[in-house]
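Here are a few friendly notes to go with the model. Have it open while you read.

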Amino acid sequence: MSVDISELINFRDRFKRMESEFETFLKKFLIKQALDVLAKTKEETPTDTGLLKNSWTIGDQTLAIGSRTNRSGETEYFQVDSAFAQGASLDSVVRDGDMLVITISNNVEYAKYVEYGHMTRGRSKWVDGKFMCSLAIIDVKRKIPARFEREFSAWFVEKMREN
């Protein structure tokens with residue numbers, strides 16, 4: 001008696017491919033979350049000259065995916081090739097032990113004072129922080145489990161259908 005195990009071998013090979021592609025899926029997922037944080041942060045950043053708002057960045061900034069809010073209030077994503085882009089490439093997600101890390105930053109000198117608060121120059125009163133990035137991170141973190149479940153399920157189904 002002979003048994004055809006070709007389907008089992010095909011199934012095993014599909015899982016091996018999925019294993020090698022899973023980290024890329026995770027990096028893309030994290031970039032999407034970071035772009036959401038970036039969009040929310042920019043939306044809440046107080047604007048005088050626009051320097052602070054336009055200086056929020058993600059990751060390495062060499063080849064980037066940027067975001068902007070269009071007139072109808074929807075977030076648009078676009079590819080940018082600029083040293084000062086507000087976006088991220090897959091290289092922006094860095095492995096640190098068992099963790100994948102993506103950084104959102106602002107190099108404007110006074111950014112931390114607007115974010116967390118500060119004393120006035122005469123030290124006479126405290127100016128409350130706006131927490132624009134901190135609150136955006138909290139909001140997105142709360143949504144990550146449902147987003148991950150939805151995106152991972154779609155990715156898994158797609159990978160299982162591939163030959």
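1. Among contacts (heavy atoms within 4.5 Å) between residues at least 6 apart in sequence, 60% join residues at least 24 apart. This is a predicted model, in which local features need pLDDT of at least 70, side-chain atom pairs count only at pLDDT 80 or more, and totals for chains, interfaces and linings use all residues. Residues are numbered from 1 along each chain as its sequence is written, and side-chain values use heavy atoms, with hydrogens and water left out.

2. Four helices and eight strands make up the secondary structure of the chain; these are DSSP runs numbered from the N terminus, helices being H or I of at least four residues and strands E of at least two.

3. Now the aromatic rings, which pair if their centres lie within 6.5 Å (Phe, Tyr and the six-membered ring of Trp; planes under 30 degrees apart are stacked, over 60 edge-to-face, the rest tilted). The count comes to 14 aromatic pairs. One of them, F11 with F15, is edge-to-face, at 4.8 Å centre to centre and 75° between the planes. Both residues lie in helix α1, four residues apart, about one turn of the helix.

4. F22 and F152 also form an edge-to-face pair, with 6.0 Å between centres and 90° between planes. Because F22 lies in helix α1 and F152 in helix α4, the pair ties together parts that are 130 residues apart in sequence.

5. Ring pairs link F11, F15, F22, F25, F29, F148, F152, W155 and F156 into a cluster.
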